[in-house]
Amino acid sequence: MISSPALDPTRLAKLREALLAASYTADGCLDLLGPTGYAALARSEAVPALRVTRGGSPLETLVRLFLLQQPVPYKAAAAALPVEDCLADGWLRPDGELVRATVDIRPYANEVAGLPGSDAWVVSDLGCAVGGAGGIGSGETAHGVDRKDLVLGVGGASTTLANITVRRPVRSVLDLGSGSGVQALHAARHAQRVTATDLNARALRFTELTLALSGFDNTETATGSLFEPVGERRFDLIVSNPPFVISPAGRFTYRDGGMAGDDLCRSLVRSAAAHLEPGGYCQLLANWQHVRGEDWHDRLAGWVAGTGLDAWIVQREVQDVAQYAELWLRDGGDHRGPGGDYRARYGEWLDAFEAGRVEGIGFGWITLRAGGAERPTVRVEEWPHPVEQPLGPHIEEWFDRQDFLRTHDDAGLLAARYVLADEVVQEQVGAPGAEDPEHVILRHNRGMRRATKVDTVGAGFVGVCDGTLSAGEIVDAIAQLLGEDRVVLRDRTPESLRLLTEQGFIRPVA
């Protein structure tokens, strides 16, 4: 079986210098391919990129070699790379008078959450950088690699997790199930030390290549399942894009958890508390079952119950069992095999879901925090709407607001001062020509981009809360203006304050 290129620091440095000299970076490839070709490549469509890379420049040669996986003349490769080193270390292989790449080396702009960008590259198996492994052919092997051991590159899931992760300077980060090292690559820029683990030893080799080629040396790797490789160690941040696919058989290490139903994601959540430093976060992507006769909100809240962790669980999408089976059968290339085999495997998935009384599969984000509260906050919600990315800073602010709400009773809320969050707008809804609107909508254009209906008092409150007066003082002024009883208005205002604060429309100030 093909393993992976050699990890030679000196030669890796030369390879990195060659990639930079040719502008084989995210910006350089975008300039070369243009928006159309670049977007097509993200959809696994290579024709536009092939058309604009026929000139033979070093950058065009590298794009054809590593992004399009096309053979190039030895002479062209030698003009772009230390070609003999690359052949000796296994980055390239000879093919007559041509050379071919053995791995996908993809420029990656790892610029998120306000951290300055740096040129980086993600190394993965051929054909596995975009859209899952379905594009590399059917059968149980691909390019000499057992399909169960394939290492995927940058995809939608890894990008999503990178964007929702809380970014702050920390001492230690655990990337659990690191694959090609996308999350470890981000973490290495704001952590003193990153530990990357994976059940697949090949994946950790690719993580090491990704980090070393990108110029980082503050990462260690360990092989094993879930938290087993790190023993009792604790971390300031745990990130995981785990093998969350709920499948009847663990065929592919990169995606199938190998446990019944959604037990792998549940187990990860249940175990996180024992590995978080005080104030630490654990963030992961997950799939979960919608089980007949059970409320999915309660089911997921049960994953967190008793852990002592604050939790915010957001369901982004739900698929019925047929859609879900089709998605992952196509990912595995089964739809290109004999029709009878495809139908048989499809039936196995449906049989497993029927036996488990599963009616649908949810996909979303889970953020856990070791907040140390006696009564942790656990929020489970559905939010399929567009959000602002990167979302990590807004997630951190959400947890900060929970701390404020937890420590302020009704009197405390009224005594506090607030400011209107940035980019909140007011919309009035009503019949054309009507003297007064039927209702007023507040719409937040940042973070989760929520909208909420408020009454006249709420609209008046947010219109003047600039941190100068306490909420109680503003409410008293509104009561006098409207001719309402100030005591009655004060009694009903804290509920609105909690909602507006929790959803980020207003922010408490010191």
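Among contacts in the protein chain between residues at least 6 apart in sequence, 71% join residues at least 24 apart. Do keep in mind that this is a predicted model.

**Overall build**
- The protein chain's secondary structure comes to 18 helices and 21 strands.
- For 510 residues the globule rule gives 24 Å, and the radius of gyration of the protein chain is close to that at 26 Å, so the chain is as compact as a globular protein of that length.
- Taken along the principal axes, a box of roughly 90 × 55 × 55 Å holds the C-alpha atoms of the protein chain.

**Surface and burial**
- Of the 510 residues in the protein chain, 50% count as buried.
- The protein chain has an accessible surface of about 22,400 Å², and carbon and sulfur atoms account for 50% of that area.

- Strands in the order E1-E3-E2 form an open sheet of 3 strands with antiparallel pairing.
- Its edge strands, each pairing on one side only, are E1 (72-73) and E2 (92-95).
- E1 and E3 (residues 98-101) run antiparallel and are joined by 2 bridges; Val72 stands opposite Val99 in E3.
- Helix H4 (residues 58-67) lies across E1, E2 and E3, at about 60° to E3.

Methods. Residues numbered from 1 in each chain as written. Predicted model: local features only at pLDDT ≥ 70, side-chain atom pairs only at ≥ 80, totals over all residues. Heavy atoms only, no water. Pairing = 2+ DSSP bridges. Helix = DSSP H or I, 4+ residues; strand = E, 2+ residues; numbered from the N terminus. Contact = heavy atoms within 4.5 Å. Axes fitted to C-alpha atoms, helices over the stretch in contact; angles between N-to-C directions. Rg over C-alpha atoms; globule rule 2.2 N^0.38 Å. Buried < 20%, exposed > 50% of the residue type's maximum accessible area, 1.4 Å probe, protein only. Areas by Shrake-Rupley, 256 points an atom, 1.4 Å probe, with all protein chains shown as cover.
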